[in-house]
Amino acid sequence: MIQTKKISRFKLAVDDVHGAIELWPLWFRLGWNDILHRYRRSTLGPLWFTASMAITTVALGLVYSQVLNLPARELMPHVCIGLIVWAFINSIILEAGDLFTGAESYIRHIKLPYSIYVFRFVLSKVIIFAHDFPIAVVTLAFFRIWPGPVALYAVPGFLLLVVNGGLISISLGLVSARFRDIPRIIASLSQIIFLITPIIWMPSLLGERSYLAEANPFFHLIELVRAPLLGSAPSVRTLVVTLALTVINLLLAATLFARYRNRIAYWI
Amino acid sequence: MSTLANLSRNDETVIRLDGVSVVFPVYQAGSRSLKKRILFHGSRGNIGRDANDKVVVAALSDISLAITAGDRLALIGANGAGKTTLLRTLAGIFEPVEGEVKSRGRISPLLDINLGIDAELNGYDNIRVRAMLLGLSTAEIERRLPEIAEFTELGDYLDMPVRTYSAGMMLRLCFAVATCFEPEILLMDESILTGDARFIAKAEARIQSFIEEASVFVLASHNLELIKRWCNKGLWLDRGRIRMQGPIEAVVEEYRKFVSAR
């Protein structure tokens, strides 16, 4: 009896995701509106994403190439792509906690597949990433760095990143709907992760202690996109770590979503 | 599982609730203070504790009912009796902790005027989003857009951001969308009815036309006159339990007696 209940719960969760995929025009529109909404009535509009990211990249790149005593040509592209990918990861883990609580006005008034809010959320983050990405291209062009065809590895790399982003959003969104402290905890952790991950510094600076970077899953997630764009395929270790992370993420999200999906309306 | 079989055999039943209970966990009210007990003692809802000694509010207890095609059901009862919760349960928003809800047909909830409303978007774009939320396809929406626009009587205002709208205008917009296709099941909370008399008359005509399409209409309301005009059946909720259900006249009469006796 318990067994059948478990299976039907899991099936309901799969149906939820499936139903949401079918409603793609809805979450496309909502995700797009989220972007428009934030910059409505501003002159630059969504280009504000691009502008602020460009300024951050240049400022950090210039200062840190001095601090770390590295040539700008070496550090700047690394910092630039690192920051752009980190901005994507960071915005997901920071804001995923509000995924369901923020959609309260929908959830309490209409029955829709809950995955819609996840898709909408991830989509808006991908759109912002697309606004930032040209900065990476400009930086590479400025330093005359041509990664070659290996850069195409960045495409599946980014897709894997998006999948992980979606999965962790489900888990974080659910847990945060129940325990409102979670987003606060993540906000304080995110600062630390940013500083201990080789984003604005090179992992090579760790010397013998390179395990400090290698043990950091965020490093590998960033490398998934950064390494190909800088001209080398992601390392085997990066692939193993990120694939393992994806599996864990999937199991976690599937378990939580199947178990607690129908509680979301009560929690928010 | 007999209910499932009944539902498929009996074509007239659109929604069936079987022993449905909805219990809300209250995470903030963790303390077991005497003060809280006394304060909550006289309230309409049922505050209790579950097996883990968590504070819970039993919003609906053991609700069984069958709604058949053509029913215009009114939910009546004091504030906090569970009317809105029952509407939300019918809409599938709250999955009951006990019992089951079976329904067939497209449900159009009209519980909140502001659902999906983006104040910065203009009227047309909001109609599109709202219609999508109610399950219309993009093609369907574009086809019905002129008709919806006409029903709102908002004219050129539809090109303006909806933050410039009055509450009444917003209602017209939302009502027009919610009812632009023949919803098989229309669930409505009275609190959204803030339009002027002329609009309410128009809305009434529209609702009347649904009933003729053999669909279901459920209204939660305190307005007994409105209920008698719009509904043919009544369900009186008291502290999350069904106190009485039956023909609207009888239920309203009993309810009136009860209210004036207190």
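A definition to begin: buried means under 20% relative accessible area, exposed means over 50%, and partly exposed lies in between, with a 1.4 Å probe and protein chains only. This is a predicted model, where local features need pLDDT of at least 70, side-chain atom pairs count only at pLDDT 80 or more, and totals for chains, interfaces and linings use all residues. Residues are numbered from 1 along each chain as its sequence is written, chains are lettered from A and ligands numbered from 1 in the order written, and side-chain values use heavy atoms, without hydrogens and water.

Now, salt bridges. The criterion is a Lys or Arg side-chain nitrogen within 4 Å of an Asp or Glu carboxyl oxygen.

Take Asp16(A) and Arg261(A). Their side chains form a salt bridge at 3.8 Å, N to O. Asp16(A) is in helix 1 and Arg261(A) in the loop between helix 11 and helix 12, so the pair ties together parts 245 residues apart in sequence. Helices here are DSSP runs of H or I, at least four residues, numbered from the N terminus. Asp16(A) is buried, at 6% relative accessibility. Arg261(A) is buried too, at 6%.

Which chains does the next pair cross between? Asp125(B) and Arg29(A) meet at 3.3 Å, N to O. That links helix 4 of chain B to helix 2 of chain A. Arg29(A) is partly exposed, at 26%.

Last pair: Arg237(A) with Glu214(A), 3.3 Å, N to O. Arg237(A) is in helix 11 and Glu214(A) in helix 9, both of chain A.

How values were computed: Helices (H or I, at least four residues) and strands (E, at least two) are DSSP runs, numbered from the N terminus.
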